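Subject: Handing over a structure

Hello,

I am passing a structure on to you, and below it you will find my notes. Please have a look at it first and then read on.

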Amino acid sequence: MSRGTLIYAAQRLVLISVTAVVVSSLVFIGIHQLPGNALASERRLNPATEQALLHHYNLDLPWPQQYVLWIQGLLHGNLGESLVNMGTQITPLLLRETTVSVTLGLAAVCVTVFVGMTLGTIAAIRQNTWVDYAASTAAVVGYSVPSFVWAFLLILLTVAPFYNWTGGTFYEDIGWGKPEQIPVPALALGLPYAAIVARLTRASMLEVIRQDYVRTAWAKGLKARIVILRHALRNALIPVISILGPLITGIITGSVVIETLFGIPGLGKEFVTSILDRDYNIVIGVFTFYAALVGLANLAVDLIYPVLDPRIRY
Amino acid sequence: MAALPQSLESSQEQLLEQDIADHVTLGQDAWRRLRRNRLAVIGLVIISVFIVSALISFVWTPYPTWRQALGPTYQGPTLAHPLGLDDYGRDILSRVMGGAAIALSVGVGASAIASFIGILLGLLAGFYRGKVDLVISTLINVSYGIPDLLIALVLVLLIGRGVGNIILAIAVTAWLGMARLVRGQTLSIREKEFVEAARTIGTPNAMILLRHILPNALGPIVVQATYLVPAAIIFEAFLSLLGMGIPPPAPSWGRMASEGYKALELAPHIVLMPCAALSLTVLAFNWVGDGLRDAIDPRMKR
C-alpha cells in the first residue's frame, strides 16, 4: 500500500467517525423528544425506585446535559448501559454481535459476487442464445423475490429434505453457532443482489469482450479460460465493484430481516429487539455501529479498486 | 431504366407518408414501444389483476378477512378455500386480496410522496447550485450512509403504525435516489439553449423549473418512480415481518408471511401464498419499469 493510499484511508476513517457521531446524535436527539421517559411502561414502579432508576441512567437531567454526557462516553468508546437489562454494558455486547453480523454479511457478499459474476459472464459469452435469455430472466426474477421469500424457500427446500434423506441424523436447525448454519441465511441474503451483479457483469463483459486486447489474446492462441478470466473479466469487474458499496448497504438492510427470521444473534436482531423493547440506549448504539460499518465497508470497496486496476491511485 | 425513377418516387412518397404517420408525441411513441415489449405487457396485465382484486376487496371478499375458524386451521387449498386456511382458520384468498389493497396503496403512495420530495429537492439543488446544493447533497450523502430500514423503523417508533404513517416512513427513506437523479438531470438541462432563451426573455425561475426543465427530465423520473413502487412494497413487508408494520387485523402480506413462518414445515401454503403474491407484484412492476426505461429512451437499453 502506497503512502497516498494510507493518507486517503486515514482521511476516510476520520470522515467515517464524524458521520457515525453525527448520525447517532440525530437519533439521540430524536428519541429524547419522545414524550414520557424510557422507563414508563406497563409495570408500575414506586416513585422512589423510579427516581433512583432515572438518576442511574442520568434521565433526570435535561436532554442537552444528557447529550453532553453521552458524547463524552461515546468518545471513550462507552455507549452506556441497557435500559432493559440493567448492568449490561452496550459496547461489548454490540462488538460481539458485530462479529456475527459481519460473518453473515461477508458470506452473503461472497454468494452475491460469485453467483452474480458467474451468471453474468456466462450470459455475456453466450450472448443472444437461450443461455443468455435464461440468465437475464433469472436475474429479474431473482431480484424481484425479496430475501425473506428466498429464506422461506431455502428452508423448505433444504431443512426437511436433508433430515429425511439422512434418516434424521442430519438436522440443521436454524440458528447460529455451527458452520453448517451459515449457508442458508447467506444464500437468502445474497441471492437478490446476485441478480443485480449478474446484470452489471453481463453489460460490462459485453463491452470488454469486443476490445482489441481481448482479440489479441484470442489471436495469440491463449486458452479460453485465460482470455475470459484473466483478460476480460478483470477489466469487466471495475464497473461492477462500483455497485458493491450500495449493495453492501442493501445487504445490511436485508440482514436485519434475515437475522430476525433465523434467530441469528447479530446487530440487526438486536436492533429489532431493542426497538420492540424500547431500549433506546441500545437503539442509539446500534445506529452508531451501523453508520461505522457502512462507512468501513465502502472504504474497503474503494481500496479494492487500485488492486484491480493499477491505473487508479489515491 | 424507366422503372427506376418511378420506384424511387414511390418509395419517397412512402417515406413521406411514414413521416406523417410517425408524427406522434413523445408519450405516444414510448407507449407504442412499450406495447411491443412482451414482458412489460405481461407485467401490466399482472398489475391490473392485482389492482382489480384490490378494488374488489374494498366491497367484497369471499370471506371477511378477519373471520376466524372458517374450517380446520392450517388446512391446505380446497374448493371452498382455493388458497387454504391459515393458523386461525382465516381464508387466505380473501386476505391476499385485502393485502393487495394495502401493498398497492403503500407502494403507490410511498412512491408518489418520495418522488415529490425527490423531484423538489433535486430541482432546487440542480438549479440553484451553490449553498442550496451543498446542503441538499450533504443531506443525501449522509442519509446514504445509514441503512434505510433502520431510519424507517425509528420513524415508525416515533410516529406510530397507521397506514399513512407507514407510507410516510417509507417515503422519507426512499426519496434519495430520485433527488440524485433529478439533480443530475437539472444540472445538465439548465445549461441547454432553450433554458438560456427562456431566461433571456425574463421568465421567472419557478416557470423555468416547471415548464422547461421538469418536462425534459420526465422520462427518467417516470422510470424511477415505477421502480420505487416495488421497493416500497418490499419495504412494507420488511416492516411487517419485524412486527413494526401495519397493525393487525389488517391483512398485510408481510404480516401473513411472518404469522405463517412458525408453521412453515407443517403448512407451507400459509407463507407461500402471500409471498407469491408479493413476488409476482414486485416482478410485474420491475418488468414494467424495464420496459418503460427501454421505451422512453431506447439508448438506455441494455
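**Helix 6 of chain A**

The buried residues of helix 6 of chain A pack against two helices of chain A, helix 7 (183-209) and helix 9 (224-262), and also against helix 9, helix 10 (253-260) and helix 11 of chain B. Before going on, please note that this is a predicted model, in which local features need pLDDT of at least 70 and side-chain atom pairs count only at pLDDT 80 or more, while totals for chains, interfaces and linings use all residues. Residues are numbered from 1 along each chain as its sequence is written, and chains are lettered from A and ligands numbered from 1 in the order in which they are written.

Now the terms behind that picture. Helices (H or I, at least four residues) and strands (E, at least two) are DSSP runs, numbered from the N terminus. Two residues are in contact if their C-beta atoms, placed from the backbone, lie within 7 Å. A residue is buried if 20 or more other C-beta atoms lie within 10 Å of its own, exposed if 12 or fewer, and partly exposed in between.

Which residues of helix 6 of chain A are buried? They are A:S147, A:F148, A:V149, A:W150, A:A151 and A:I155. At A:I155 the helix also bends by about 25° (the angle between axes fitted to the seven residues ending there and the seven starting there). Just after helix 6 of chain A comes A:G167, with a positive phi of about 60°.

Chain B has eleven helices and zero strands. Its radius of gyration, taken over C-alpha atoms, is 25 Å, well over the 19 Å that the globule rule (2.2 Å times the number of residues to the power 0.38) gives for 302 residues, so chain B is more spread out than a compact globule. The C-alpha trace of chain B spans about 80 × 65 × 30 Å along its principal axes. Of its 302 residues, 43% count as buried.

The contact between the chains takes 36 residues from chain A and 32 residues from chain B. On the chain B side, helix 11 gives the largest share, eight residues.

Leaving aside neighbours within four places in sequence, B:I170 is in contact with residues including B:V106, B:A232 and B:F235.

Best wishes
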